[in-house]
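Here is a friendly walk through one protein model, from its sheet to its charged pairs. Have your viewer open as you read.

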Amino acid sequence: MLYSLPAAGADEPEKPLRVALVGLVHGHAKGFLSSLPKNDSATLVAIVEPQESLAKDYAAKFHLDAKLFYTDVEKMLTEQHPDAVLVYTAIADHRKVIEAAAHHHISSMVEKPLATTLDDALAIRNIARKQNVQVLVNYETTWYASNHELFGEASTGKLGDIRKVVIHDGHEGPKEINVEPEFLTWLTDPAQNGAGALFDFGCYGADLTTVLMHGQAPLSVTAVAQTDKPEIYPRVDDDATIILRYPKTQAVLMPSWNWSFSRKDSEVYGNSGYAITVGPDHLRVRYRGQEAESQITASPLTPPENNSLNYLAAVLHGHLDPRGDLSSLGTNMVVMQILDAARRSAQTGRAVSISPLP
């Protein structure tokens, strides 16, 4: 999935990336700050959060120096000039943060999905090309060993020609799992998040399917979305089904805020067998001629493919080329085509054809 490049220079430990965190309104920021002390690939040089009360809460919880905090992105970029920004804003704000960083020749990694609109995604791609910076997208499932094993099953031909993909993603609902108030506010705003579960969890399946299909966009997208809990989510969908049609393959994505429990699992069916992921580390497989399925434990992921910071460092140090992988901008441009078409299909009740991007 990743292209290895020669290491630059002598075999000396490379300096950690100097990273800045932009935004604290995304709940995943807590996971990043919790994991940072255990990772020597990056060091935190700044945090941008305009809400003073939220910044103080994070400073107290994670014992952060007040000198790290800024309220203005441009001031931080000018004074600190980090190697990369890690974006934890509402999805609708990704574009302006990426563009601001790119003008300083600074790369970005954003939380999924890339954007709320295809127009924003195209603008992001344009600035990344113009300024020659990396724009990467972080998905939890990228660091699942089971997904890497799944790609291996598909790429080595064990499953034969892929005919159907079924992917389930989601949980009981953001309010039900008690996400932070500042997170819930924009997550349930169609302008800030793009949609509800359709975007929040549909992006996972679109990302995985795009890699399985070697970057090919579907011919068409058909989607239905509904709100089963209007008393909680009056402005956005909380359940959706997205069907992607390829020349010889169908993919069915099932993002939802209505599952009985959190789940992120995938099923890939070929004409020679199937593979089904079970959590981050296991799979169930069955091949043609076998009477029963068997269990596989995926090989543990090793650096730099085992977490987002190691991966980002490898890309920016020039050791890995991200083309075609789950986090790459190219893959996520196709993801945005799928999400944009799914939203339009759900609104109109019609299948939406996909055209090549300009």
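Which residue in β17 is the bridge partner of Ser-220? The partner is Ser-353.

This is a predicted model, so local features need pLDDT of at least 70 and side-chain atom pairs count only at pLDDT 80 or more, while totals for chains, interfaces and linings use all residues. Residues are numbered from 1 along each chain as its sequence is written, and side-chain values use heavy atoms, with hydrogens and water left out.

**The sheet and its helices**

Helices (H or I, at least four residues) and strands (E, at least two) are DSSP runs, numbered from the N terminus. Two strands pair if DSSP finds at least two bridges between them. On that basis, nine strands make an open sheet with mixed pairing, in the order β15-β14-β13-β12-β8-β11-β10-β9-β17. At its edges are β15 (294-297) and β17 (352-353), each of which pairs on one side only.

Strand β9 (residues 220-226) has antiparallel pairing with β17 over two bridges. With β10, β9 is also antiparallel, over seven bridges.

Axes are lines fitted to C-alpha atoms, for helices over the stretch in contact, and angles run from 0 to 180 degrees between N-to-C directions. Helix α6 (residues 145-155) lies across β8 (162-170), β12 (263-270), β13 (273-278), β14 (282-287) and β15, and runs at about 20° to β14. Helix α12 (residues 329-348) touches β9, β10 (239-245) and β17 as it packs on the sheet, with its direction at about 55° to that of β9.

**Charged pairs**

Side chains of opposite charge can pair when their charged atoms come close. A salt bridge here is a side-chain nitrogen of Lys or Arg within 4 Å of a carboxyl oxygen of Asp or Glu. The structure holds 17 salt bridges, including these:

| Salt bridge | N to O distance |
|---|---|
| Arg-95 and Asp-120 | 2.9 Å |
| Asp-161 and Arg-163 | 3.8 Å |
| Arg-344 and Asp-340 | 3.0 Å |

For accessibility, buried means under 20% relative accessible area, exposed over 50%, and partly exposed in between (1.4 Å probe, protein chains only). Arg-344 and Asp-340 both belong to helix α12, four residues apart, which is about one turn of the helix. Asp-340 is buried because its relative accessible area is 13%, whereas Arg-344, at 38%, is partly exposed. Asp-161 has a value of 46% and therefore counts as partly exposed; Arg-163, at 35%, is partly exposed.

Arg-95 in helix α4 (residues 94-103) and Asp-120 in helix α5 (residues 118-131) link distant parts of the chain, 25 residues apart. Arg-95 is partly exposed at 30%, and Asp-120 is buried at 14%. Together with Glu-99, Arg-95 and Asp-120 are linked in a network of salt bridges.

How do the two helices pack? The axes of α4 and α5 are 10 Å apart, at an angle of about 10°. That makes α4 roughly parallel to α5, because angles under 35 degrees count as such. Among the residues making the contact are Ile-98 and Ala-102 of α4 and Ala-123, Ile-124 and Ile-127 of α5. The contact residues divide into five nonpolar, two polar and four charged. In this scheme Ala, Val, Leu, Ile, Met, Phe, Trp, Tyr, Cys and Pro count as nonpolar, Asp, Glu, Lys and Arg as charged, and the others, Gly among them, as polar.

Key
Contact = heavy atoms within 4.5 Å. Parallel < 35°, antiparallel > 145°, perpendicular 65-115°, else oblique.
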